[in-house]
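Reader: I would like to learn how to read a few local features of a model, one at a time. Could we begin with burial and then move on to backbone angles and surface charge?

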Amino acid sequence: MKIAHIQGDISPEIGCTLAGYGPQDVAEAQHDALMFHGFCLLDSGRKFLFLSYDLLGMARELVLDIRRCCAEIIGGSQADVLLSCTHTHGGPHTRYHAKTQYLDKDACKMVLERTVEAVAALEEEDFAETIPYFYSAQVPVNTNRRYCGPENVCRMICDRYELSPLADGVLDSEVGMLFFASPRKVLQEVVVNYAAHPLASHASGLSAHSITADYPGLLREYLKDSLGCDITFVSGSAGDQFPILPEAGFVALDTMARPLAMAVMQGWISAKRQPEKFCMSNARCKSSIKSFKAHLRTDITPRQPVTEGMKEYDLEVQLLAVGDICLVGVPGETVAALGLEIKWHSPYRRTYICYNSTDYASYINTANSFVAGGYEVESQIFDSNTGLQMVVTAVEALQELHES
């Protein structure tokens with residue numbers, strides 16, 4: 001197996017509108033660059049591509065355009081091109097949202113062009129022999145932003161942060177790690193998977209009006225400085241997962257980036273010292289896409305423009321397996337409980353969820369969340385059965401891929 005790193009700058013111009021908090025937030029400054037990072041694997045003559053973007057999400061049309069163009073470049077199918085978004089709130093509107101009805105087409109065009117340019121620039125000499133390792137740790141720097149209590153009625157702690165100690169929703173604090181190293185155990189690429197909304201810095205004032213990758217950007221800096229290799233951050237199932245100090249300004253970035261970076265540093269030491277457990281020297285790559293039909297709700301308006309007048313909508317789950325580790329791309333903002341269900345039922349040794357991957361299809365919640373209510377439910381455009389449909393589709397796809 002061989003690997004090549006891919007990256008590019010997708011920072012918009014100052015003055016663009018920022019996604020995440022409606023169309024009224026205009027970028028007045030750039031705190032740090034928005035990037036896409038990822039890798040291309042060459043396995044038995046076949047290429048597999050994974051890219052993670054510092055974007056809140058991507059409209060279905062943009063996902064399809066990138067997958068189609070990149071698949072043509074690498075000589076594979078769209079299943080061989082897996083995308084994900086970190087979900088930073090400091091980037092442009094590259095997805096539709098029911099409350100804004102707005103898509104920044106110039107930003108979408110820029111993202112597509114720079115992706116295609118970076119992938120097309122890959123040369124044979126860019127690929128190096130690699131051996132994948134994995135590791136996993138628990139780092140409690142996230143929290144569930146919902147408090148439902150014994151009566152199962154949701155209060156959002158982001159409306160009243162004094163309720164933070166009471167938050168009782170499901171929490172996923174796993175830091176998933178995928179290491180690629182040379183035969184001499186020199187790191188070439190590190191993939192970090194964690195579930196927490198990248199809005200540690202989003203606070204009143206300039207931090208709410210700045211272009212920023214938020215804590216994933218600082219985490220990449222820390223790790224690249226210490227490990228000397230390329231870093232790709234992938235958001236996990238973060239629909240209801242918050243940083244421990246959310247919306248607290250740029251100073252809060254360190255409270256997320258530093259503990260996660262240290263866990264990854266120690267994770268690599270543990271993985272390489274125990275190769276019999278964590279080295280996948282004979283790993284092979286596989287990929288697949290599996291779709292299902294989601295039913296749109298009839299009790300809410302407005303919808304996203306792309307679903308207007310529709311009763312059903314096709315959603316996809318996409319898989320990229322590297323040995324006994326599988327990356328699962330989901331079609332929106334899935335809550336932690338659904339991501340954990342996929343992990344729990346997966347036949348792979350470790351399964352990492354890739355947030356806002358195949359579409360930006362609003363929030364996807366558990367059915368019981370519709371009883372409790374809350375922001376995530378108010379934002380979901382599909383019926384309450386969609387979360388279960390997604391889990392079943394993902395688990396079936398995982399079993400099929402694992403057995404193939």
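Reader: Is S369 buried or exposed?

Author: In this predicted model, a residue counts as buried when its relative accessible area is under 20%. S369 has a relative accessible area of 11% and is therefore buried. The residue lies in helix α7, which covers residues 369-372.

Reader: Which residues does S369 touch, not counting residues up to four places away in sequence?

Author: With those sequence neighbours set aside, S369 touches R146 and V377. A separation along the chain should be read together with a distance in space, and for S369 and A200 the two values are 169 residues in sequence and 25 Å from C-alpha to C-alpha.

Reader: Where is T351 found, and why does T351 count as buried or exposed?

Author: T351 is found in strand β20, residues 350-354, and it counts as buried because its relative accessibility is 4%, where the cut-off for that class is under 20%. Leaving aside neighbours within four places in sequence, T351 is in contact with C326, V328, I342, K343 and S346.

Reader: What is the phi of K185, and where is K185 found?

Author: K185, a residue other than glycine, has a positive phi near 65 degrees. K185 is found in the loop between β11 (174-181) and β12 (187-194). Its relative accessibility is 34%, so K185 counts as partly exposed, a class that runs between the 20% and 50% cut-offs.

Reader: Turning to surface charge, which residues form the negative surface patch?

Author: The negative surface patch is formed by E123, E124, E125 and D126. One of its members, E124, is found in the loop between α2 (105-120) and β6 (128-129).

Reader: Why does E124 count as exposed?

Author: E124 counts as exposed because its relative accessibility is 70%, and the class requires over 50%.

Methods
Residues are numbered from 1 along each chain as its sequence is written. This is a predicted model: local features need pLDDT of at least 70, side-chain atom pairs count only at pLDDT 80 or more; totals for chains, interfaces and linings use all residues. Side-chain values use heavy atoms; hydrogens and water are left out. Patches are made of residues with over 30% relative accessible area and no salt bridge: like charges are joined within 9 Å, nonpolar side chains (Val, Leu, Ile, Met, Phe, Trp, Tyr) within 5 Å. Accessible areas come from the Shrake-Rupley method with a 1.4 Å probe; for residues, only the protein chains shown count as cover. A salt bridge is a side-chain nitrogen of Lys or Arg within 4 Å of a carboxyl oxygen of Asp or Glu. Lys and Arg count as positive and Asp and Glu as negative; His and the chain ends are not counted. The place of a charge is taken as NZ of Lys, CZ of Arg, CG of Asp or CD of Glu. Helices (H or I, at least four residues) and strands (E, at least two) are DSSP runs, numbered from the N terminus. Buried means under 20% relative accessible area, exposed over 50%, partly exposed in between (1.4 Å probe, protein chains only). Contact means heavy atoms within 4.5 Å.
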